[in-house]
Amino acid sequence: MSAAPQPPLPSLPVTFRPTRTRVVLYSVALAQFVALVAIALALPKLSGGERFSFVATGMLVGAVLLLLSRPKVVARQEGVTVVNLTTRRELAWAQIVRVNLRLGDPWVHLDLADGTSLPAMGIQPGIARDQAIRDARALRDLTEKHGALDHTAG
């Protein structure tokens with residue numbers, strides 16, 4: 001019995017991000033903002049400050065949802081950029097020792113050469129498990145290819 005053929009490596013640069021999750025977050029952000037603005041305009045006994053608080057709450061909740069949609073992992077010839085909720089980290093290929101996505105993990109973890117682990121929230125199995133597994137494998141294969149090149153060069 002032969003093994004299934006490996007899919008080809010994606011060409012660089014490539015961006016991994018949880019697309020379905022982003023669509024849901026964008027949709028919920030817009031829907032809740034529209035609903036709160038509609039409520040602010042529809043309730044006749046609200047003062048101007050109360051109306052403003054409805055709109056401001058919609059904007060705040062929307063901003064948090066958009067922040068949650070920010071994570072991505074960008075693989076380039078030079079290395080990998082990991083963008084999480086509030087942080088961005090540039091890594092050379094040689095810094096990444098292993099790409100991990102274990103059963104039950106909320107996202108990929110990158111084991112780094114300095115002994116630490118970096119969450120890469122741009123690849124998360126949430127509502128698109130199969131895509132996350134494909135993305136994690138692609139990033140792992142790219143890391144093995146480019147990390148090996150970096151180790152032989154230096």
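This is a predicted model: local features need pLDDT of at least 70, side-chain atom pairs count only at pLDDT 80 or more; totals for chains, interfaces and linings use all residues.
1. Asp-111 sits in strand 6. Setting aside neighbours within four places in sequence, Asp-111 is also in contact with Gln-95, Ile-96, Val-97 and Arg-98, and with Thr-116 and Ser-117.

2. Now for the sheet around that pair. Three strands make up an open sheet, ordered 5-6-7 and paired antiparallel. Strand 5 (96-100) and strand 7 (117-120) are the edge strands; each has a single partner strand, so one side of each has no neighbour in the sheet. On average, neighbouring strands here are turned by 25° against each other, direction ignored.

3. How many bridges join strand 5 to strand 6? There are four, and the two strands run antiparallel, with strand 6 covering residues 108-112.

4. A handy landmark is Val-14, which has Ala-75 in strand 2 as its bridge partner.

5. On to the helices. Helix 1 spans residues 19-42, 24 residues in total, and covers 34 Å from its first C-alpha to its last. That is close to the 34 Å expected at 1.5 Å a residue. Its buried residues are Thr-21, Arg-22, Leu-25, Ala-29, Gln-32, Leu-36 and Ala-40, and helix 2 (48-68) is included in what covers them.

6. How do helix 1 and helix 2 pack? A pair of packed helices is described by the angle between the axes and the distance between them. For helix 1 and helix 2, the angle is about 180° and the axes are 8 Å apart. Angles over 145 degrees count as roughly antiparallel, and therefore helix 1 and helix 2 are roughly antiparallel to each other.

7. On the helix 1 side they include Leu-25, Ala-29, Phe-33, Leu-36, Val-37 and Ala-40. On the helix 2 side, Phe-54, Val-55, Gly-58, Met-59, Gly-62 and Leu-65 are among them.

8. Is Ala-40 buried or exposed? This helix 1 residue has a relative accessible area of 2%, and because buried means under 20%, Ala-40 counts as buried. Not counting residues up to four places away in sequence, Ala-40 touches Leu-46, Arg-51, Phe-54 and Val-55. Ala-40 and Val-55 are 15 residues apart in sequence and 7.1 Å apart in space, C-alpha to C-alpha.

9. Finally, have a look at Met-59 in helix 2. Its relative accessibility is 51%, and because the cut-off for exposed is over 50%, Met-59 counts as exposed. Met-59 and Ala-75 are 16 residues apart in sequence, with their C-alpha atoms 32 Å apart in space.

Key:
Residues are numbered from 1 along each chain as its sequence is written. Side-chain values use heavy atoms; hydrogens and water are left out. Two strands pair if DSSP finds at least two bridges between them. Axes are lines fitted to C-alpha atoms, for helices over the stretch in contact, and angles run from 0 to 180 degrees between N-to-C directions. The expected span of a helix is 1.5 Å times one less than its number of residues. Buried means under 20% relative accessible area, exposed over 50%, partly exposed in between (1.4 Å probe, protein chains only). Contact means heavy atoms within 4.5 Å. Angles under 35 degrees count as roughly parallel, over 145 as roughly antiparallel, 65 to 115 as roughly perpendicular and the rest as oblique.
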